[in-house]
Amino acid sequence: MATGPVDAEPGESLRAEHDELSRRFAESEKNVQRLTEELAQARRRIGELEARPAAAHHEPLSLFEGGEDNGIKLTGDGSDPRILSIVLGATAVVAGMIALLALFNHTLLSPFGIIMVLLTIGLAWAALRTRVQPTEVSVVRGLVYVKKGETTHRFDVRNASTQVEQVGTPGDPGWEMRFARKGMDPFVINASMVDAVDFVGQLKQWRADI
């Protein structure tokens, strides 16, 4: 009968794997708690901003210092267009961390785990769809240049064939300037992209019928 030492490597390997999973689980739990707190703070901030009129306090409804930085202007009602995308993204991260915890607990294929995975994907997709890209609009010698992300548009308002339609009055929340495009929907410039009064004033220098 063999009297040599019993091989303990399989047991040690299992313990090491268990310890590593426990460590990852603890880290993920801390991350979920931190992200949940950050999301709660963002929601509180949004609630505080929405509870008071921006015009009365002379400050924009924004989660950021300087609500018009990076070429992103406020919407007509004074709110920051980036808020929705940020809240959706933060919620997607929290849902993803919960799904990760379900994976570590071997419950990812349970109804709860599957729902969390689908919720994470849906929230991430919605956050991308609502993401606001910086838009730069300039008027140079009767040419309107619009740069949005990697795309650039140019409209010649000096040319009478360039169809321009103004909706509303500059300064109103629903004001828009629509530039017709052949075979495509009109390109719309609104108050979130430009100072409506100044923009229309520049256009009128080249097109009196605007």
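1. Side chains of opposite charge can pair when their charged atoms come close.

2. A word on the model before going on. This is a predicted model, in which local features need pLDDT of at least 70 and side-chain atom pairs count only at pLDDT 80 or more, while totals for chains, interfaces and linings use all residues. Residues are numbered from 1 along each chain as its sequence is written, and side-chain values use heavy atoms, with hydrogens and water left out.

3. Is Arg207 buried or exposed? Arg207 has a relative accessible area of 11%, so it is buried; the cut-offs are under 20% for buried and over 50% for exposed, with partly exposed in between (1.4 Å probe, protein chains only). Arg207 lies in the segment after H5.

4. What else does Arg207 reach? Its side chain comes to 3.1 Å from the backbone oxygen of Val157. Leaving aside residues up to four places away in sequence, Arg207 touches Val157, Asn159, Ala160, Thr162 and Val164, where contact means heavy atoms within 4.5 Å. Ala160, one of these, sits in the loop between E3 and E4 and is exposed, with a relative accessible area of 69%. From C-alpha to C-alpha, Ala160 and Asp209 are 9.9 Å apart in space, although 49 residues separate them in sequence.

5. Glu176 is partly exposed at 21%, and Arg178 is partly exposed at 30%.

6. On to the rings. A search of the whole structure finds three aromatic pairs. Rings of Phe, Tyr and Trp (its six-membered ring) pair if their centres lie within 6.5 Å; planes under 30 degrees apart count as stacked, over 60 as edge-to-face and the rest as tilted. Phe155 and Phe187 have ring centres 5.9 Å apart and planes at 35°, so this pair is tilted. The pair links distant parts of the chain, 32 residues apart: Phe155 is in strand E3 (residues 151-156) and Phe187 in strand E6 (residues 184-190). Both Phe155 and Phe187 are buried, and together with Phe179 they form one aromatic cluster.

7. Trp175 and Phe199 make an edge-to-face pair, 6.4 Å centre to centre and with 80° between the planes. Trp175 lies in the loop between strand E4 (164-167) and strand E5 (176-181), while Phe199 is in helix H5 (residues 196-204), so the pair ties together parts that are 24 residues apart in sequence. Trp175 is buried at a relative accessible area of 0%, and Phe199 counts as buried at 3%.

8. Finally, the overall layout. The protein has five helices and six strands, in the order α-α-α-α-β-β-β-β-β-β-α along the sequence. Helices (H or I, at least four residues) and strands (E, at least two) are DSSP runs, numbered from the N terminus. Of the 210 residues, 27% count as buried. Among contacts with a separation of 6 or more, 43% are between residues 24 or more positions apart.

Definitions and conventions:
A polar contact is a pair of N or O atoms within 3.5 Å; within protein, one must be able to donate a hydrogen and the other to accept it, and residues adjacent in sequence count only if both atoms are side-chain atoms.
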